[in-house]
Amino acid sequence: MKQAAVLGHPVGHSKSPVLHRTAYELLGAALSYEAIDLQPAQCAEHVARLRQGNWAGCSVTMPLKDAFVPLMDEVSTRVRQLGALNTIVVREDGSLYGENTDIDGLVQALADFSMTSTDRAMILGSGNTSLAALQASALIGVKHVTLVVRSAQRSGRAVELATELGMVPVVHEISAITEELAEQLRQLPLVFSTLPPRAGDDWVPAVGSGTGILLDVAYDPWPSRLASSWQGQVISGLHMLVHQAVEQVRLFASEAWDEQRRVDVTNAMYDSLGLLRHQ
């Protein structure tokens, strides 16, 4: 029996154990999965345990997504670009590989709602998750991306990555959005809110009530004030959570994984949360 776990602080509320255990049971994979509360200062110590124990891998959540990156033996191109990982794979030789499946989670969640291609998108926020949203945007063909942020000075990395990915970024500070501009933004076909829970409540007058698809990565409390005000289709962060976990299961349980059963695994994980999958 190999071990896997979700790492973060706090982590007691994580839905990852339910998702992963459901998948491993369905696949018949000999894998245990638990939640481990870990602070950034404890990352190096945990990495030593991963190298020595019978580990398959770890899911990584806040505030550890960037803390583990320098401790990996190898990271994916995505992780290099984002400076953040959400997945640690323990290879057979004990070496550690860092990946970021948040991008897959975003792309697949959108696909469930028939959003597979668009040339324009808006991203609310400029933290680590906004960088994953930029990657996802590039994958579905976005060419023009609007970044709405509290501080333009702190959006440099997002602007840099958008440009690196071949997109044209435009930055607006939330405090400077006029009613005329807000009306234009509400017409955009796709909006990612990468803001923490409740952080976007006071943004609703400026960017709420849009008519396109809103993917709000927050899911607790739900619906967010932004989601409640939205006129178009709304996707909660739980959809992203399930799909990014499916990719982690594929990596952790590689011997038991059967690509033809991806739909079964995904649907079972949705059922484990009492969530209806939109297809």
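**A strand and its neighbours**

Val90 stands opposite Leu96 in strand 6. This is a predicted model, in which local features need pLDDT of at least 70 and side-chain atom pairs count only at pLDDT 80 or more, while totals for chains, interfaces and linings use all residues. Residues are numbered from 1 along each chain as its sequence is written, and side-chain values use heavy atoms, with hydrogens and water left out.

Strand 5 (residues 87–90) and strand 6 (residues 96–99) run antiparallel and are joined by 4 bridges; two strands count as paired if DSSP finds at least two bridges between them, and strands (E, at least two residues) and helices (H or I, at least four) are DSSP runs numbered from the N terminus. The two strands form a hairpin with 5 residues between them, and Gly94 in the turn has a positive phi of about 90°. Strand 5 also pairs with strand 3 (residues 55–60), again in the antiparallel sense, over 3 bridges, and there Val89 is the bridge partner of Gly57.

In a regular strand the side chains alternate between the two faces of the sheet. In strand 5 both faces are covered, with Thr87 and Val89 buried on one side and Ile88 and Val90 buried on the other, where buried means under 20% relative accessible area with a 1.4 Å probe and protein chains only.

The largest pocket has a volume of about 930 Å³. A pocket is an open set of points on a 1 Å grid over the protein atoms alone, with protein on both sides within 12 Å along at least five of seven lines, whereas a cavity is a set where a 1.4 Å probe fits but cannot get out; lining residues have an atom within 4 Å of a point. Of the 34 residues that line the largest pocket, Thr61, Met62, Lys65, Val217 and Tyr219 lie nearest its centre. Strand 3, helix 5 and helix 10 (237–252) are the elements that give two or more residues to this lining, and helix 10 provides the largest share, 5 residues.

The second largest pocket, with a volume of about 310 Å³, is lined by 16 residues, of which Lys2, Glu92, Phe252, Ser254 and Glu255 lie nearest its centre. Here the elements that give two or more residues are strand 5 and helix 10.

Finally, the structure holds 1 cavity of 30 Å³ or more, and the largest cavity has a volume of about 40 Å³. Its lining includes Lys65, Leu82 and Asp102, and the largest share, 3 residues, comes from helix 5 (residues 128–139).

Terms used:
Grid points are joined across faces, edges and corners, and a volume is the space filled by probe spheres set on the points. Buried means under 20% relative accessible area, exposed over 50%, partly exposed in between (1.4 Å probe, protein chains only).
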